[in-house]
Amino acid sequence: MPGDAVLTATVIGLVLAALITTRVPADALFVLALTVLLVSGVVSPLDAFAGFANEGVITVAVLYVVVSGLRETGGVQHISRVLLGRPRGVEGAQLRLTAPVAFFSAFLNNTPIVAMLIPAVRDWAQTHALPVSKLMMPLSFAAMLGGLCTLVGTSTTLVAHGLLIERRGVGLGFFEIGAVGVPVALTGVAFVIATSRWLLPDHRSDETVFGDPREYTVEMTVDGKGPLDGRTVADSGLAESGLQLIEIHRDGEIYPAVAPTLHLHAGDRLVLAGSAGSVVDLQRRHGLTPATTQLFKLDAPRSERALIEAVVSDSSPLIGSTIRRGSFRTRYGAVVIAVARNGARLTGNLRDIVLRPGDTLLLEATPSFAERHHQSRDFYLVSALPDTHPWRFERAALAIAILIAMVAAATLGFLSMLQAALVAAAAMLVTRCMTIEAARASINWPVILVIASAIGLGNAMEASGLAVQTAGLVVGLAGASPLANLVALFALTSLFSQVITNNAAVVLMFPIALSVATSLGVDPMPFVIAIVVAAGGAVATPIGYQTNLMVYGPGGYRFTDFLKAGLPLLAVTALVALLVIPAVWPF
């Protein structure tokens, strides 16, 4: 084996070992590995950084911006409420999630589906007290398996389709891959749900496990044209948001014991209690607005404000006065949204609460409030809550329309996926569905770095000869049996797709599959289908497929979590595929 191949194998092996045994960020390891191979001359700068100019990588980055526009308007919340609903237990949540994701991934590119649903699933899990780690990996797996059911579901099938046209003049039919993809997807999704109790990790946030000791009291008003007007308390979903409805003020009357069957009416003032996270979610609930009219007297638009926690000090001039008499907005340029007092539940009108030392106020103000009053003697502590600005619900329908137009343009072939995503991102900005600052902050740069660097490592494997030598060695052991060669090609493609990108694995294995078929004198289609399914089902590592990388951080996973859940799933889907392929495409 040439020296460059030995060095490449060593570097990739060290990266995998570090991913498994350490907590060093994946992006740092991949960039370091690429740097070593570039400096040593194994790969040229053009090939090393080809991933940063790769259309697929740029598309993923732009899709983050598109999804940010959807989230900033509350569109993600609407879509998740329609698709996900109210689950009964973890398995029920997984079924509600994976079934529609697998279906839509068959007809839409699976990457934007996962990018769109990650924030929705995270909020959904928090609302229903579900471990997000039980949902993020099934989300990615369902999208990957569903993408194998049609030609356009994943870029893997499109790459193989293009190679077939180039080499044989005829590509794949739209539903041809579905003959094996559908049974693989059905079996795989069922296996994930059935074994999730044992194979998926259970990572919960501290708030989910221990609860938030601070219980805020907050007042909201039911909007006249919102979705909550006319619904019962039980159907409103307020209880499932981690909030308790204490009382309702309606036409001068107070309903202290709120029955689940009571209907909400426009103008009702709801007094609720819950954690800071629940109050933040409540501010973004379509159909509810804060009861205080002071919010509309602040200078900055609501979309430019944030929620800030401030603890009243014993030297504050607010002590002994109500929020109303203390002229809080005039004095501080902020509005009190909620109050917490040592776990005690406060009742009555929020603005009539008499403040005491140690009371925690949840304020709506510009982010600069925390900087201005950080050293103020009026407060013990002032801290801004991240990502708490109100959403632009009035533009939600527009954002959803932009997303649908993007998907339709790419699916029907009017624009490439990258072109459609760029136009959609621009439309989100032009129509003010989000700000430029939100667009910049939305891109998950560690994921982009890992994907782009992985392409560079794949190029190094090809340039050094490591890939071809490894493939020739493994396939050569299979002998003259078509079935044995099919299994060997599937196994090798699967191995490569776990280490390098799925598209690189297909490109690498395609000429080998054709040469094996030629030497055996059989139809190459079974072998081509095998490498497509093997590459598209890279479920055993987070680096094998971009949707795995996208859920890696939000799910709080470690590298070994994918090995534990992915390897059994890979074995099951491989068995189904290897049984179906020879039956549909005989040798």
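Modeller: A residue counts as buried when its relative accessible area is under 20%, as exposed when that area is over 50%, and as partly exposed in between, with a 1.4 Å probe and protein chains only. This is a predicted model, in which local features need a pLDDT of at least 70 and side-chain atom pairs count only at pLDDT 80 or more, while totals for chains, interfaces and linings use all residues. Residues are numbered from 1 along each chain as its sequence is written, and side-chain values use heavy atoms, with hydrogens and water left out.

Colleague: What is the relative accessible area of Asp251?

Modeller: Helices (H or I, at least four residues) and strands (E, at least two) are DSSP runs numbered from the N terminus, and Asp251 is found in the loop between strand S2 (244–250) and strand S3 (253–255). Although Asp251 is not a glycine, its phi is positive, at about 50°. Asp251 counts as exposed, because its relative accessible area is 77%.

Colleague: Where does Arg432 lie?

Modeller: Arg432 is a residue other than glycine with a positive phi, near 60°. Arg432 is exposed, with a relative accessible area of 52%. Its place is in the loop between helix H17 (417–430) and helix H18 (436–442).

Colleague: In S8, which residue is the bridge partner of Val339?

Modeller: Two strands pair if DSSP finds at least two bridges between them, and S7 is joined to strand S8 (residues 360–365) by five bridges, the two running antiparallel. S7 is also joined to strand S1 (residues 216–222), again antiparallel, by three bridges, and there Val339 in S7 stands opposite Thr217. On the S8 side, the bridge partner of Val339 is Leu361.

Colleague: How many residues of strand S7 are buried?

Modeller: Strand S7 covers residues 335–340. S7 is largely enclosed by the rest of the structure, because the number of its six residues that are buried is six.

Colleague: In the salt bridge of Arg305 and Glu364, what is the N to O distance?

Modeller: Side chains of opposite charge can pair when their charged atoms come close. A salt bridge here is a side-chain nitrogen of Lys or Arg within 4 Å of a carboxyl oxygen of Asp or Glu, and the structure holds six of them. Both partners of this one are buried, with a relative accessible area of 5% for Arg305 and 1% for Glu364. The side chains of Arg305 and Glu364 meet with an N to O distance of 2.9 Å.

Colleague: How many residues apart in sequence are the parts that Asp523 and Arg168 tie together?

Modeller: Asp523, at 31% relative accessibility, is partly exposed, and Arg168 is partly exposed too, with a relative accessible area of 43%. Their side chains meet in a salt bridge (4.0 Å, N to O). Asp523 lies in the loop between helix H22 (502–520) and helix H23 (525–536) and Arg168 in helix H9 (residues 155–168), so the separation in sequence of the parts they tie together is 355 residues.

Colleague: Are Asp359 and Arg341 buried or exposed?

Modeller: Asp359 and Arg341 form a salt bridge, with their closest N and O atoms 2.8 Å apart. Both lie in the loop between S7 and S8, so this pair ties together parts that are 18 residues apart in sequence. As for accessibility, both Asp359 and Arg341 are buried.

Colleague: Is H22 roughly parallel or antiparallel to H23?

Modeller: Axes are lines fitted to C-alpha atoms, for helices over the stretch in contact, and angles between N-to-C directions run from 0 to 180 degrees. Angles under 35 degrees count as roughly parallel, over 145 as roughly antiparallel, 65 to 115 as roughly perpendicular and the rest as oblique. H22 and H23 pack at about 160°, with their axes 9 Å apart. That angle makes the two helices roughly antiparallel.

Colleague: Is the crossing in which H6 passes H8 right-handed or left-handed?

Modeller: The axes of helix H6 (residues 89–107) and helix H8 (residues 133–146) come within 8 Å and cross at roughly 30°, and H6 and H8 are therefore roughly parallel to each other. Where they meet, in contacts of heavy atoms within 4.5 Å, the residues include Leu97 and Val101 in H6 and Leu139 and Ala142 in H8. A crossing is left-handed if the near helix is turned anticlockwise from the far one by less than a right angle, and right-handed if clockwise. For H6 passing H8, the crossing is right-handed.
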